Amino acid sequence: MSSSEALARLAEERVDHRFKGLPPDADGLTVGELTAQRRNLFAEDAGTGGFTTPLLVLSAERLAHNLAVMETYTARHGLAFAPHGKTSMAPQLFHRQIEHGAWGITLAVPHQVRVARAFGIQRVFLANELVDAPALRWVAAELAADPAFRFVCYVDSVRGVELMDAALKDCARPVDVVIELGAGAGARTGVRTEAEALAVAEAVAGARTLRLVGVAGYEAQVPDASPERVREWLGRLVALAVELDKAGRLAGADEIVISAGGSEWFDAVADVFAAAPELSRPVLKLLRSGAYVTHDDVHYSRLTPFNRVPGEGALEPAFRLWAQVISRPSATEAFVNAGKRDAAYDLDLPVAHVVRRNGTEHPATGIEVTALSDQHLWLRTEPGADVEAGDWIGLGLSHPCTSFDKWQLIPVAEADGTVVEYIRTFF
């Protein structure tokens with residue numbers, strides 16, 4: 001099945017009880033039929049056809065803006081881009097990212113790769129060492145069946161190389177691997193020293209089923225990260241690629257991959273990679289930021305590199321969670337019908353932005369989110385805060401990666417509330 005056919009089949013899925021927040025009278029319609037109706041989010045007073053709360057919504061305009069901003073940024077800095085797909089796990093967004101110039105999609109675990117392949121993604125960067133034998137055999141079968149499929153994954157140990165080589169003994173094409181350089185003591189995965197990296201490279205050279213094509217890592221794991229510390233580690237990553245190239249360990253690569261980049265330090269990645277020396281083969285400087293696609297209202301809004309380089313652009317928070325006030329038990333308290341099952345809370349609590357009542361909105365002045373239960377969100381209200389039972393509260397969220405995963409079908413709405421698309425996720 002082609003990617004266009006797979007995406008078209010998403011529109012044929014029937015709307016039913018699986019999908020939170022959608023209009024109850026839409027049950028039985030296909031997603032395509034519901035999209036064609038261009039319903040408005042705020043038809044709650046119309047008697048029928050209204051969306052229910054809680055409801056997570058994507059801004060059509062802000063989503064388009066963010067895609068364009070990162071396309072421009074990566075092109076300006078000569079970076080290839082493989083945005084991390086684990087953020088959204090939404091094939092519709094994967095393809096939109098590729099339409100905006102992305103080289104491919106980064107993923108983290110085998111299930112995610114299977115989703116991407118089911119929707120025709122041709123280049124996958126797996127930002128983990130893969131030692132799961134059934135998954136490796138599946139990857140080998142995909143490579144054998146599709147000569148255009150490009151797959152790259154981490155290695156960070158001699159033992160990992162041995163496990164991969166054993167599982168892939170019958171593969172028709174070698175699997176491309178990059179050595180992951182750990183970000184320091186106490187950081188996450190990856191070799192801790194250059195000496196360990198050279199030992200892994202030697203092991204790959206002795207493995208019939210693997211081909212070493214470069215180096216990679218994740219700079220946000222640098223302990224006590226600062227611009228200086230992050231740039232120092234990125235310099236080590238580039239120097240490791242140079243050392244491996246001089247030692248002839250990358251001789252089998254068509255191009256040498258140097259990859260890094262989350263959503264907090266891509267300005268440092270751009271600067272250090274721009275200064276990388278020429279190597280014996282063309283260099284693919286691969287950035288992997290993922291949260292940019294929706295950005296957020298708290299965590300990444302605070303940490304985005306565009307705060308340091310405002311002349312390069314700006315991202316906009318594209319998510320809004322709508323929930324309804326169901327209890328106003330005192331002058332200082334209110335409770336809405338969204339909770340941990342609906343909103344990200346691992347990094348920061350949601351932020352109340354607007355109150356909607358009888359078709360009009362006003363700022364959520366004097367309203368603060370203080371806690372989340374499974375199905376309740378707690379609000380502290382200052383004297384004079386204008387909120388009452390029945391109001392809709394528009395909430396900003398932090399950390400898109402743990403917002404997407406709570407919703408299977410997400411409306412994309414224009415500024416006036418008209419829903420123009422529904423994004424299907426696969427977690």
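**View 1. The side chains of Glu 255 and Arg 150 form a polar contact at 3.2 Å.** A polar contact is a pair of N or O atoms within 3.5 Å, where within protein one must be able to donate a hydrogen and the other to accept it, and residues adjacent in sequence count only if both atoms are side-chain atoms. This is a predicted model, in which local features need pLDDT of at least 70 and side-chain atom pairs count only at pLDDT 80 or more, while totals for chains, interfaces and linings use all residues. Residues are numbered from 1 along each chain as its sequence is written, and side-chain values use heavy atoms, with hydrogens and water left out. Glu 255 counts as partly exposed because its relative accessibility is 21% (buried is under 20% relative accessible area, exposed over 50%, partly exposed in between; 1.4 Å probe, protein chains only). Leaving aside neighbours within four places in sequence, the residues in contact with Glu 255 (heavy atoms within 4.5 Å) include Trp 103, Val 213 and Pro 282.

**View 2. Thr 74 is buried, with a relative accessibility of 6%.** The side chain of Thr 74 reaches the backbone oxygen of Met 70 at 2.8 Å. Not counting residues up to four places away in sequence, Thr 74 touches Leu 79, Phe 81 and Leu 287.

**View 3. Ser 263, Phe 266, Ala 291, Tyr 292, His 295, Tyr 300, Thr 304 and Leu 315 line the largest cavity.** On a 1 Å grid over the protein atoms alone, a cavity is a set of points where a 1.4 Å probe fits but cannot get out, and lining residues have an atom within 4 Å of a point.

Terms used: On a 1 Å grid over the protein atoms alone, a cavity is a set of points where a 1.4 Å probe fits but cannot get out, and a pocket is an open set with protein on both sides within 12 Å along at least five of seven lines; lining residues have an atom within 4 Å of a point.
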